[in-house]
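Please consult the sequence and structure shown below alongside the text.

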Amino acid sequence: MHTPRTDPGSRPGDERSTDLIRWAAFSCALVPVVLLWYGTSPAGAAGTALGLAAVTAVCRLLLRRSERYAARLLTEEHAPCAAHRGRRQSTGTGSHRGGRHSGGNSPVG
(Lines give C-alpha, C1' and ligand atoms only; values in the text may rest on other atoms or scores of the structure.)
Protein backbone atom coordinates (compact mmCIF):
# COMPACT_ATOMS: atom_id res chain seq x y z
CA MET A 1 0.00 0.00 0.00
CA HIS A 2 1.25 3.47 -0.89
CA THR A 3 1.67 5.83 2.06
CA PRO A 4 2.40 9.55 1.73
CA ARG A 5 5.72 10.81 2.91
CA THR A 6 5.86 12.46 6.30
CA ASP A 7 9.03 14.37 5.50
CA PRO A 8 8.23 18.10 5.87
CA GLY A 9 10.48 18.90 2.90
CA SER A 10 8.63 16.62 0.49
CA ARG A 11 6.00 17.97 -1.85
CA PRO A 12 3.35 16.14 -3.88
CA GLY A 13 5.25 16.91 -7.09
CA ASP A 14 8.36 15.18 -5.73
CA GLU A 15 6.38 12.05 -4.95
CA ARG A 16 4.74 11.98 -8.38
CA SER A 17 8.05 12.34 -10.17
CA THR A 18 9.62 9.64 -8.00
CA ASP A 19 6.73 7.31 -8.84
CA LEU A 20 7.15 8.14 -12.51
CA ILE A 21 10.84 7.29 -12.43
CA ARG A 22 10.09 4.02 -10.60
CA TRP A 23 7.59 2.99 -13.26
CA ALA A 24 10.08 3.89 -15.99
CA ALA A 25 12.77 1.77 -14.33
CA PHE A 26 10.28 -1.10 -13.99
CA SER A 27 9.51 -0.78 -17.69
CA CYS A 28 13.22 -0.82 -18.52
CA ALA A 29 13.40 -4.21 -16.80
CA LEU A 30 10.07 -5.59 -18.04
CA VAL A 31 10.33 -4.78 -21.76
CA PRO A 32 13.49 -6.86 -22.40
CA VAL A 33 11.94 -9.81 -20.52
CA VAL A 34 8.84 -9.62 -22.70
CA LEU A 35 10.99 -9.31 -25.82
CA LEU A 36 12.94 -12.42 -24.82
CA TRP A 37 9.67 -14.23 -24.11
CA TYR A 38 8.48 -13.50 -27.64
CA GLY A 39 11.71 -14.72 -29.24
CA THR A 40 13.83 -11.62 -29.71
CA SER A 41 17.57 -12.25 -29.57
CA PRO A 42 19.31 -11.58 -26.26
CA ALA A 43 21.45 -8.93 -27.97
CA GLY A 44 18.32 -7.16 -29.26
CA ALA A 45 16.69 -7.27 -25.82
CA ALA A 46 19.88 -5.97 -24.21
CA GLY A 47 20.11 -3.15 -26.74
CA THR A 48 16.50 -2.25 -26.08
CA ALA A 49 17.14 -2.28 -22.32
CA LEU A 50 20.13 0.03 -22.74
CA GLY A 51 18.17 2.38 -24.98
CA LEU A 52 15.26 2.55 -22.55
CA ALA A 53 17.65 3.10 -19.64
CA ALA A 54 19.33 5.98 -21.50
CA VAL A 55 16.00 7.61 -22.33
CA THR A 56 14.84 7.17 -18.73
CA ALA A 57 18.05 8.72 -17.39
CA VAL A 58 17.72 11.75 -19.66
CA CYS A 59 14.04 12.17 -18.73
CA ARG A 60 14.92 11.93 -15.04
CA LEU A 61 17.61 14.57 -15.47
CA LEU A 62 15.22 16.92 -17.26
CA LEU A 63 12.47 16.30 -14.72
CA ARG A 64 14.74 17.07 -11.77
CA ARG A 65 16.05 20.19 -13.51
CA SER A 66 12.53 21.46 -14.16
CA GLU A 67 11.56 20.76 -10.53
CA ARG A 68 14.54 22.77 -9.29
CA TYR A 69 13.69 25.60 -11.68
CA ALA A 70 10.04 25.63 -10.55
CA ALA A 71 11.10 25.61 -6.90
CA ARG A 72 13.47 28.51 -7.55
CA LEU A 73 10.70 30.47 -9.26
CA LEU A 74 8.40 29.88 -6.29
CA THR A 75 10.99 31.08 -3.79
CA GLU A 76 11.76 34.15 -5.89
CA GLU A 77 8.05 34.86 -6.24
CA HIS A 78 7.51 34.83 -2.48
CA ALA A 79 10.73 36.59 -1.50
CA PRO A 80 10.71 40.39 -1.71
CA CYS A 81 13.19 41.65 -4.25
CA ALA A 82 15.14 44.82 -3.49
CA ALA A 83 15.36 45.69 -7.17
CA HIS A 84 11.59 46.12 -7.40
CA ARG A 85 11.11 48.19 -4.27
CA GLY A 86 10.26 51.80 -4.86
CA ARG A 87 10.27 51.44 -8.61
CA ARG A 88 7.19 53.59 -9.08
CA GLN A 89 8.55 56.34 -6.88
CA SER A 90 11.74 56.56 -8.92
CA THR A 91 9.89 58.01 -11.90
CA GLY A 92 9.03 61.65 -11.44
CA THR A 93 5.59 63.08 -11.95
CA GLY A 94 4.67 63.45 -15.55
CA SER A 95 7.23 61.00 -16.84
CA HIS A 96 4.86 58.18 -17.72
CA ARG A 97 5.64 55.76 -20.51
CA GLY A 98 3.49 55.37 -23.59
CA GLY A 99 0.16 56.99 -24.31
CA ARG A 100 -0.54 60.32 -25.99
CA HIS A 101 0.93 63.44 -24.48
CA SER A 102 0.01 66.97 -25.37
CA GLY A 103 2.86 69.37 -25.71
CA GLY A 104 3.18 72.22 -23.22
CA ASN A 105 0.08 74.36 -22.73
CA SER A 106 -1.63 73.44 -25.98
CA PRO A 107 -5.26 72.39 -25.70
CA VAL A 108 -6.07 68.70 -25.87
CA GLY A 109 -8.13 67.94 -28.92
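Phe26 counts as partly exposed, because its relative accessibility is 44%. The model is predicted, and the points below are grouped by topic.

Aromatic pair

- The count of aromatic pairs comes to 1.
- This pair is formed by Trp23 and Phe26 in an edge-to-face arrangement, with 5.7 Å from centre to centre and 85 degrees between the planes.
- The angle of 85 degrees between the planes of Trp23 and Phe26 is over 60, so the pair counts as edge-to-face.
- Trp23 and Phe26 are 3 residues apart in helix H1, and are therefore separated by about one helical turn.
- Trp23 is exposed, because its relative accessible area is 60%, whereas Phe26, at 44%, is partly exposed.

Ala29 in helix H1

- Helix H1, comprising residues 12-37, contains Ala29.
- Ala29 has a relative accessibility of 48% and therefore counts as partly exposed.
- From C-alpha to C-alpha, Ala29 lies 10.0 Å from Ala46, and the two are 17 residues apart in sequence.

Gly51 in helix H2

- Gly51 is located in helix H2, which covers residues 42-78.
- With a relative accessibility of 34%, Gly51 counts as partly exposed.
- A distance of 8.8 Å separates the C-alpha atoms of Gly51 and Cys28, which are 23 residues apart along the chain.

Terms used. Residues numbered from 1 in each chain as written. Predicted model: local features only at pLDDT ≥ 70, side-chain atom pairs only at ≥ 80, totals over all residues. Heavy atoms only, no water. Helix = DSSP H or I, 4+ residues; strand = E, 2+ residues; numbered from the N terminus. Buried < 20%, exposed > 50% of the residue type's maximum accessible area, 1.4 Å probe, protein only. Phe/Tyr/Trp six-rings, centres within 6.5 Å; stacked < 30°, edge-to-face > 60°.
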